[in-house]
Structure formats: structure tokens, C-alpha cells
Amino acid sequence: MSGRTARVLGAARRLRVAGPPVAAAGVALALLSGWTAVGGAGTARPVEVEPGWLLLPTASGAPVTAAFFTVRNPGDIPDELTSAGWEFGGKVTLKRHLHQGASGRWAPAASLPVPERGALVMSPEDSDLMITNPPPLKVGQWVEFTLGFRNSPPVRVRAEVLPPGGRRGG
């Protein structure tokens, strides 16, 4: 066998051994490139907000109330609720409840996190939108809010006014 024939046979053996892994890597690279090109990898997808509820202020209570929403993030990138407003104008504050053993307090929040492929579920025990000096509201009334996000466009959503203890669902 000549030197040239031996080199050709050696190259053929190396190709037979290395070929399948190299081909598989090439196919994987092509598929991942296509997935990224069509926006399927590591991209923000707009959040989705379910209709919420607004607590009817009590006649003897402080001039504040709270609104609650569930914000779902179907994307691979975390988002944040950064602002809120409502149809009556006035101050709407993002609020987080801070628990300290059996007691706790609330504090304003610059933003509320909406995890990737997860949800921000506002509740009286965790977070809400605090509304100062609301106008008179009626049980069953629907009120419109606009929620602002860091990575998603603003979302307009409605909340139903419910009496204390009248919250439905989770």
C-alpha cells in the first residue's frame, strides 16, 4: 500500500468516526439559529393580565382602597410592573406587604416582579395597587386601569368593585 493510499484510508476512518458528531452539531446549530430567528428563544413576550377586583372602601375607613390583578408572563424574560393608573386619575401606588413574624407592614414598591413563565398574583397578603382618595364606587361597578411594564407594552384592564369579604376566586 502506498503512502498516499494509507493517508486516504486514514482520512476515511477519521471521517467515519468524527462525521456523525460533527453532522449532529451542524443540524443542532441550524435548528437553534432558526428558533432564534423566528423569535422563539430568549425573547420577551407581552404579559397577559386577567380582569381584577377592587375593594369597595368602607364609609368609616381611611380614604384608600386597593386593586388586585393576576399578571401572567408567557415569555422567557422576567418582566416588572412599573406603574399603574386608573380612569379617575389620582395617585395609584404599587405596594408590597412586608411580613415580620405574626405582624407586618406595607411599603411602596418601585416595581413588582413578574417572573419568566410565571405570574404576579396580587392579594391582600402580598402586593396590590393602593388608591388614595377614590371617588364614590358601587359594588358591581367595573373600573378601567392601565398597567405599565418594563418589557411589555401597557395593558388596559378592568376591575370589578367588590365589598369587603366579597372576593371571588383566588
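Is Ser 127 buried or exposed? Ser 127 is buried, because its relative accessible area is 0% and buried means under 20%. The views below come from a predicted model.

View 1. Ser 127 sits in strand 10. Its relative accessible area is 0%.

View 2. Strands of a sheet pair through backbone hydrogen bonds, in a parallel or an antiparallel sense.

**View 3. Strand 2 beside strand 3.** These two strands pair in the antiparallel sense. Their pairing runs over 2 bridges. Look for Trp 53: its bridge partner in strand 3 is Phe 68.

**View 4. The largest nonpolar core.** This core holds 32 residues. Those touching the most other members are Val 49, Leu 54, Phe 69, Leu 81, Leu 129, Phe 145 and Leu 147. Several strands each supply at least two residues of the core, among them strand 2 (52-55), strand 5 (79-86), strand 10 (127-132) and strand 11 (142-149). Strand 12 gives the largest share, 5 residues.

**View 5. Val 49 and its contacts.** Val 49 is one of the core residues that touch the most other members. Which residues is Val 49 in contact with, leaving aside its neighbours within four places in sequence? They are Phe 69, Thr 70, Val 71, Leu 147, Phe 149, Val 155 and Val 157. Phe 69 and Leu 147 also belong to the group with the most core partners.

**View 6. The second largest pocket.** About 200 Å³ of space lies in this pocket. Its lining has 15 residues. Leu 55, Val 64, Thr 65, Ala 66 and Lys 95 lie nearest the centre. Strand 3 and strand 10 are the elements that give two or more residues to the lining. The largest share, 4 residues, comes from strand 3.

Conventions. Residues numbered from 1 in each chain as written. Predicted model: local features only at pLDDT ≥ 70, side-chain atom pairs only at ≥ 80, totals over all residues. Heavy atoms only, no water. Core = buried A, V, L, I, M, F, W, Y, C linked by side-chain atoms within 4.5 Å. Buried < 20%, exposed > 50% of the residue type's maximum accessible area, 1.4 Å probe, protein only. Contact = heavy atoms within 4.5 Å. Pairing = 2+ DSSP bridges. 1 Å grid on protein atoms, 1.4 Å probe; cavity = no way out; pocket = protein on both sides within 12 Å on 5 of 7 lines; lining within 4 Å. Points joined across faces, edges and corners; volume = space filled by probe spheres on them.
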